[in-house]
Every structure is written in structure tokens, then in C-alpha cells.
Amino acid sequence: MSLTKEAQNILNWSDTVELIDNLRVDEVGLKERVASLATRSIKKDSKLQALNYIISMCDLTTLEGEDTEGKIGQMTAKAIRPDPSNDEVPSVAAVCVYPALVSKAKKMTQNSNVKVASVSSYFPSGQAPLESKILDTQFAIDEGADEIDIVINRKAFFEGDYRKMYDEIVALKEVCKSVHLKTILEVGELRTYENIKKASLISLAAGSDFIKTSTGKISNGSSREACYLMAKAVWDYKTVTGFKAGIKVAGGIRDSKDAIRYLVIVNEELGSEWLNPDYFRFGASSLVDDVLKQIKKLKTNAYQSSYYFPRG
Amino acid sequence: MNKWEYAESIESSSIVNIEKKYGIFIDGKFQNANSKKFIKTISPSTEEVLSSVSLGNEIDINSAVESAKEGLKIWSKLSGTERAKYLFKLARLIQERSREFAVLETLDGGKPIKESRDFDLPQVAANFFYFAGWADKLDLSWNAKGLKPYGIVGQIIPWNFPTTNAFLESCASISNWKCCNFKTR
């Protein structure tokens, strides 16, 4: 199996079938390994390094019906300079918004390194015809989005129509061209570990630059087990094709401790090359606040109240 | 980007002190071996020489047996309750310093710290507690009235669970009056 230049990072369907054929996951071993990775000793300097990584890997997100341009303005200001009282804190990687707010976010971030990501393809359900999804995605790109977060077609996936799911991602990848494509699996709805790995591999084979755990719209969004399996899928895909894909974890990651555990999983399963915003992201709305508090605590030995940090 | 280094774990190798050389333990203290021979013990993961351990010869063994015979005279007069006290104390001492033992076991044997910390050492302590419990109950069980001290036992310890096996067999024997064994590895 190999990729051709014209195909970008897309693997053809028959090779994809081979990749997902007879897929098995050892559930007990998986849980045991993930639990043991949660006990790594991250303190002082290594913790500070981890917290800075997390900030620089964050996609600061707001995906609500009530979002306004004013709110996006506030959030992008925070994204560019998360902690005005501390110069050493890096900017976040990106802001993640609905397509209608992309142009505003783009305007706000024009003089910074912060990218603008947009959800599309009828996020969060993905229950719409492909034509609509393409329009939705095209609109976000025309507005200037640097990255596109799409959802997989879960309807097709559960009906066993993997081909349809694959074809949709391929079609959206064509629309995206060089724009970064992140594919959301919604692992909380996939039910089994085999499904998570299968969906990961299909998404990667269809040309995703990133695979992402969750929309953040359901209660059981992300899990460390899912992140581990996705890391394994990324590794498998790299072994087969040589393409290095990224992972974005999102949905329910609210505190630094949890985020650090995800970082450990990626560090140990994929290596330190992946500890970099090009290959690993956190999608979060409230995580940044906790990380900023922890950084402050490491510096001053005292916890600060939330109102000392920017809102957004 | 730089590599991300973790903080030192509580099972770091710096928590243990290993001396350069060890004699053989006879008569309650480390003594120079008659053979004057040493073997190096290395850490399988780094191949670093951890220490040198004495290699005993026939004369060393004989003196160990002599010492054990002396010990047996005192030990065999103790009641089961008294013997149990020693074993319980040993069990608690092992529990207290379990982490250090686990690190040593891992350095020496190369097994994952997870195994030595979470299985080997807890098992050692549990064995001591178990046999400590038996010491004063032997007379009450299996028609075992009138048990007599057996004497000296020699033990050869296999390699795969050194600490566990060494202690398991020792505590079993001590509990049952066999008393004062010595071991070669």
C-alpha cells in the first residue's frame, strides 16, 4: 500500500478495506495500559513544560447558538494573549467557531499566529446530504478558515456503509485542498473500541490531516482510551503509508491534570515528534482557564481566582 | 521541539543505597567469604555494575551450618506464639521498606517496577503474615500434635522471582521450626 502524489494523503478504497478488515482490540489490555500511563510523574519543570504545550496546542472553542461577533472578538483576544500578566505563556493554536463567524475571527487574528478553524458539514449531527455539506465547507473556506472540522457520517457508519462515509470525507477533502482537514469521529457514539479504531482508519485513509474525538456536544465526549486507540490508528496508518496524521482531543477535557494525561499518551505511543500543535490539539472552551491557573500557581505558589484571567 | 522529560518518580533508583561489595551473611552479620571470590551483579537495563557479591565455598557453607545449629538450639525452644512475633515483625519491616526493596529487585533483576512493586513485594509481606499466623496453630491442625524441629534446611533459589521465592521458603521454614536456613543463588 502506498500513496501517490496526486492522491495527496488519500488511500484507495480497496487498501482501506484491507486496513480495517478483521480489526480487533484487546479491551482489558487497553484499559490497563491507559491506566498505567495515567501514573507518570509530572511535576515542577516537566509540569510547566506540559502546561505550556497544552496552551500552544489548544483550539479555543465556542460553538453555541448564542455566539456573537462580540464574543468571538473577546475570545480571539484571549487566544492571542491568554495571560496578559505573563509573557512566557504562548498563544493558543487556533480558535474554533461556526462558519458564520469565521470572517470576524479571521479579521481579529490577522496579525498573529493563531489560526481559525471552522466546524462544517452540518456539525454536530452531520445529518444532511453531501451537497449541503460541501456548500457548508466551501463557505467556511471562502470566509478564510485555515482549518476545517467535519463530522463523519455516523448514519452511514452504523448502517455498515463504510464506503459512503469514506467517499464523503474524500469529497470534502477535495473541497479543502490544502486547508487542514480534521475529522470528528464522535467516539462517545461509536460504542465499541473496534468501531473507534475502524472509524479512525477510514477517516485517515480518506485524507484527514487530523482525527478528532468528539464534537463536544454530547456528555461522554472524549476518553483516554479513545485517544490511545486513535494514536494507534495514526501509527498504523503511518506504518502503511508514511503519512503523519495528527490527533485532536475534544469534549469534556476541563482540567490540566486530565489534559496532561492525554499528552502522556501521545508522547509515549507516538513519540515527542507529535508534541507539537501541527500534530496534536486540544479542543476546549474552559481548559485554558485551568491551565493558566496552574501556570500561575507554579510561578507564585498561590492559586488565583478566575477573574484574574481574561474571559472568553 | 525538545523532548518532554518527566519528573523523577518516587521509585527512582536514587532512593536506594548499594554498597560496592557485600560479604556473606552468616551468624547475623556480613563476613568475608573464605573463597575471597566475588561475582559482579549488573543491572540488565543499563549493564551498570551495581555491586560485587561474595561467592561462598565449602568452608563458608560449613560455617553457616554450624551457626545455624547454634541458632536452632535457641529457636526450637521458643513457643509458637513467640516465633509468630518475629515473623509478624519481619512482615511489617518488609512492608515499611517495600518500595526500596522493589527498586532493588528491579535494578538487580530487570523486571518492570510495576511487577516488583505491585506483586513481588506485597506478596513477600503477605507470605510472612500468612506463616506468622500458622506458627502457633500447627499443634491444632491435621493431627499434627508433637511436631518436632526438623533441623537445618538448605535452599537453592530460582531466578525468576528471587525475592518472592527466597522469602517464601524462608518464612515457611522458620514458622515450622525447621529453622535457620541458608540460601545460595
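Keep in mind that this is a predicted model.

I start with two helices of chain A. With angles under 35 degrees counted as roughly parallel, H6(A) and H8(A) are therefore roughly parallel to each other. The numbers are these: helix H6, residues 130-142 of chain A, packs on helix H8, residues 162-176 of chain A, at an angle of about 25°, and the axes are 10 Å apart. The crossing of H6(A) and H8(A) is right-handed.

Which residues make the contact? From H6(A) they are Leu130(A), Lys133(A), Ile134(A), Thr137(A), Gln138(A) and Ile141(A). H8(A) contributes Glu168(A), Ala171(A), Leu172(A), Val175(A) and Cys176(A). By class, this contact of H6(A) with H8(A) has seven nonpolar, two polar and two charged residues.

Next, the sheet in chain B. Three strands form an open sheet with mixed pairing, in the order E1-E5-E4. Strands E1 (21-22) and E4 (37-42) of chain B are at the edges with a single partner strand each, so one side of each has no neighbour in the sheet. E4(B) pairs with strand E5 of chain B, residues 49-55, in the antiparallel sense over six bridges. Ile42(B), for instance, has Val49(B) in E5(B) as its bridge partner.

Last, the contact between the chains. How many residues does each chain give? Chain A gives 13 residues and chain B gives nine. On the side of chain A that touches chain B, the largest share is four residues, from helix H3 of chain A, residues 44-56. That side of chain A divides into three nonpolar, seven polar and three charged residues.

Methods:
Residues numbered from 1 in each chain as written. Chains lettered and ligands numbered in written order. Predicted model: local features only at pLDDT ≥ 70, side-chain atom pairs only at ≥ 80, totals over all residues. Pairing = 2+ DSSP bridges. Axes fitted to C-alpha atoms, helices over the stretch in contact; angles between N-to-C directions. Parallel < 35°, antiparallel > 145°, perpendicular 65-115°, else oblique. Left-handed = near helix turned anticlockwise from the far one by under 90°. Contact = placed C-beta atoms within 7 Å. Nonpolar A, V, L, I, M, F, W, Y, C, P; charged D, E, K, R; others polar.
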